[in-house]
Amino acid sequence: DTGEKLWSRAFESTHHHIHAFSSFASSTPAVDEELVYVAWSSPESAVLKAFTHDGEPVWDKDLGPWHGQHGFGTSPVLYDDLVFVANFQELHDDERGTDAVPPPSFLLAFDRKTGDERWRIPRIKDNLAYAAPAIFQPEDGKAQLVNASTGSGMYAVDPFTGEELWSIPVFDKRAVSSPLVKGDLIFGSTGSGGGGNYLAAVRSNG
């Protein structure tokens, strides 16, 4: 009602290189009627944490080392009883040297109340993607979790099992913005500083 700060939590991290237009808090939290979900990263560890609306910690997950030259920016997404996070990695990172081997890239689902991992599927490493997943609900069919990345293109998985439903390699540059769903069309964008950008639309038959 007043805009007064109700609570805050501070956690130690390590300083690391980020893009000039980025920050160490670029991810957007997700919230439901019980919890607040926040993701952020240092090179040593990407984390996903859940808090009550009073700021009390409920659970946290260490997603392992994170490899990227522009800083972390992926955001958690909620659907049904699940929270999803795309833990993508940079294939080439000039900050760490060309010989650095990045960790695997994954799309993950967690039980939103307990933090238990429900499933994870590998994603193709290429340019680091920041797109957060979105839900596509066909008129006559089951819900799909859709997302975008350079390596995997536009793709959809079953939100409850992680089974890949379809994938189309439509991007040759970094995917930063999340997919936009309108009717039976799923829009995704790709681009690079000075390297051009474009929009792709994919029609799903459900």
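Colleague: Hi! Which residues does R112 touch, not counting residues up to four places away in sequence?

Modeller: Hello! This is a predicted model, and in it R112 touches D32, E33, L35, Y37, W59, L78, D80, D81, L82 and V83.

Colleague: Thanks! Where is the place of R112?

Modeller: R112 sits in the loop between β7 (105-111) and β8 (117-123).

Colleague: And is R112 buried or exposed?

Modeller: R112 counts as buried because its relative accessible area is 14%, and the cut-off for buried is under 20%.

Colleague: What does the side chain of R112 make a polar contact with?

Modeller: Its partner is the side chain of D32, at 3.0 Å.

Colleague: Changing topic: in what order do the four strands of the open sheet come?

Modeller: The order is β1-β2-β3-β4, and the pairing is antiparallel.

Colleague: Which are the edge strands?

Modeller: Those are β1 (30-31) and β4 (57-64), each of which pairs on one side only.

Colleague: How many bridges join strand β2 to strand β3?

Modeller: Eight bridges link β2 (residues 35-42) with β3 (residues 45-52), and these two strands run antiparallel.

Colleague: One last thing: what stands opposite S42?

Modeller: That would be S45, in β3.

Conventions
Residues numbered from 1 in each chain as written. Predicted model: local features only at pLDDT ≥ 70, side-chain atom pairs only at ≥ 80, totals over all residues. Heavy atoms only, no water. Pairing = 2+ DSSP bridges. Buried < 20%, exposed > 50% of the residue type's maximum accessible area, 1.4 Å probe, protein only. Polar contact = N/O pair within 3.5 Å; in protein donor to acceptor, adjacent residues only side chain to side chain. Contact = heavy atoms within 4.5 Å.
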